[in-house]
Amino acid sequence: MRLLVIPTTGTVTLLAGLAVAACLALLAGLPVSTVAVLTGAVLLPALAWALFDLWRSRRLWRQAPLRIERSLPGAFSLGVPTVLTLVLVNEGPLAWAVTVFDEVDPRFAFEGLPQTVAVPPASRAELRYTVTARERGVALFGTTQLRWRSRGGCFEVQQSLGKPGKLRVYPNFAALARYAWLSGDRRLAQIGIKTYVQRGQGTDFRQLADYKTGDSLRHIDWKATLRHQRPIVREFQDDRDQCVFFLLDCGRRMRADEGGPEQDGHGGSHFDEALNALMLLSYVALKEGDEVGAMTFGYPPGQRRDFAPRKGAATLNALMNRLHDIQPGAMHSDYLLAAQELLRVQRRRALVIVLTNFRDEDAAELRPAIKLLRRRHLVLVASLRERVLGRIAGQALSSPADAVDVAAAHLFAQSRRDAFARVVGNDPLSVDVEPAQLAVSLVNRYHAVKRAGLL
């Protein structure tokens, strides 16, 4: 247990006053010996009292110290404010006035610390503060720093209580939670996700059901109809047991950051937005009965993350545990090498989604990589476009300089669109969107692929 003894403001003021009085006495012409005797007559009893106060206070504290109980969640979500609770337990007969500061991970923003609270005898005092994770990965919480005052008020003693904690910070689950909530109420159109009537559209048999007006006559099950003495039809669903495989760019382009993370899940780096979109589409695909896999690229050799395709309720958690702490690096992303590695690890045909930040100078590398992947897989290139381009292009023209900025933004955007079209060809699935639109665009493209039976 680390202890730090600090004189209180009153003690420092008393010593300073004594020093000033001694200086004034010397300036008034009193002999040094006389001033020394008078100062010692005051200082020595005060020092003795202070030491006695410290000894007595520490003895009383050791007899019945305060205990700290810290309540931490199972994990944090990026950009989401989380309320943490500290409980001070006083089992002794004395009241204590303490100041509390929790050692929060430096990558967190926090409000409500430090706090001063009085803890009556034989009672509990609860205090709360709010933290917001600003970066994914592993968060380290240290001990709780407690500062209490000696009974005589001469010193403040600071010590550490509790145990350090280590928690994970995951991508923002706000978009996923909103999707799950709206899909239950059949209101996905509110967030831009298109829904289609799936009854009878797929090829996999789902169940038998009563005939309804508009059902195709060729789907009538005549044996079941004779058995139940009423029209019975076969219902079908989209093909299941298919595979969605993410190729996630972790290179320098994905370090683009246009603002801190917000509670709705939008904002932050392009890489964070790509992870949010990956998470939402993984949830949707798993609900549809498909497999989900992932592979990163743009890292130094040996640092690549793989996630073999699987399905089931636990897959999303396993995928996030595998990817939650990765950060984009400073390397150039080798698209062709990533395509070759994916073909080596994923031989079964899949919907391969390349999450990247495309530039026109990448066309010479990205085009052959996509061509290679398309030999075996259905490829969807999802590129993130900076929001600032749209803001500049749409700003008012209040000066000649503004006109130049707007024209340059339009020219850059058109050059980017042309280069992207040359890379993906006539592919209607690939998208080049702003980060906030990526998740919804991918879900809509996935539904279109399933509806058309392209896999």
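Search the whole structure and you find 22 salt bridges, where a salt bridge is a side-chain nitrogen of Lys or Arg within 4 Å of a carboxyl oxygen of Asp or Glu. Side chains of opposite charge can pair when their charged atoms come close.

A quick word on the ground rules. This is a predicted model, so local features need pLDDT of at least 70 and side-chain atom pairs count only at pLDDT 80 or more, while totals for chains, interfaces and linings use all residues. Residues are numbered from 1 along each chain as its sequence is written, and side-chain values use heavy atoms, with hydrogens and water left out.

**The overall picture**

The protein has 11 helices and 20 strands; helices (H or I, at least four residues) and strands (E, at least two) are DSSP runs, numbered from the N terminus. Of its 455 residues, 45% count as buried. Here buried means under 20% relative accessible area, exposed means over 50%, and partly exposed is in between (1.4 Å probe, protein chains only). Look at contacts (heavy atoms within 4.5 Å) with a separation of 6 or more, and 73% of them come from residues 24 or more positions apart.

| Pair | Distance, N to O |
|---|---|
| Asp 272 and Arg 136 | 2.6 Å |
| Arg 348 and Glu 291 | 3.0 Å |
| Asp 306 and Arg 304 | 2.8 Å |

Take Asp 272 and Arg 136, whose side chains meet in a salt bridge. This pair links distant parts of the chain, 136 residues apart: Asp 272 is in helix H5 (residues 270-287), and Arg 136 is in the loop between strand E8 (123-133) and strand E9 (137-141). Asp 272 is buried at 13% relative accessible area, and Arg 136 is buried at 2%.

Then there's Arg 348 with Glu 291. Arg 348 sits in the loop between helix H7 (335-345) and strand E18 (351-356), and Glu 291 is in strand E16 (residues 291-297), so the pair ties together parts that are 57 residues apart in sequence. Arg 348 is partly exposed, at 40% relative accessibility.

As for the Asp 306 and Arg 304 pair, Asp 306 is partly exposed at 31% and Arg 304 is partly exposed at 28%. Elsewhere, salt bridges that share partners join Arg 67, Glu 69, Glu 91 and Arg 124 into one network.

**Around Glu 386**

Glu 386 lies in the loop between strand E19 (378-384) and helix H9 (387-393). At 10% relative accessibility, Glu 386 counts as buried. Not counting residues up to four places away in sequence, Glu 386 touches several residues, including His 270, Asn 357, Arg 359 and Arg 416.

**A sheet to look for**

Three strands form an open sheet in the order E3-E12-E9, with mixed pairing; two strands pair if DSSP finds at least two bridges between them. Strand E3 (76-77) and E9 are the edge strands, each pairing on one side only. E9 and strand E12 (residues 165-170) pair in the antiparallel sense over 5 bridges. Phe 141 has Gly 165 as its bridge partner in E12.
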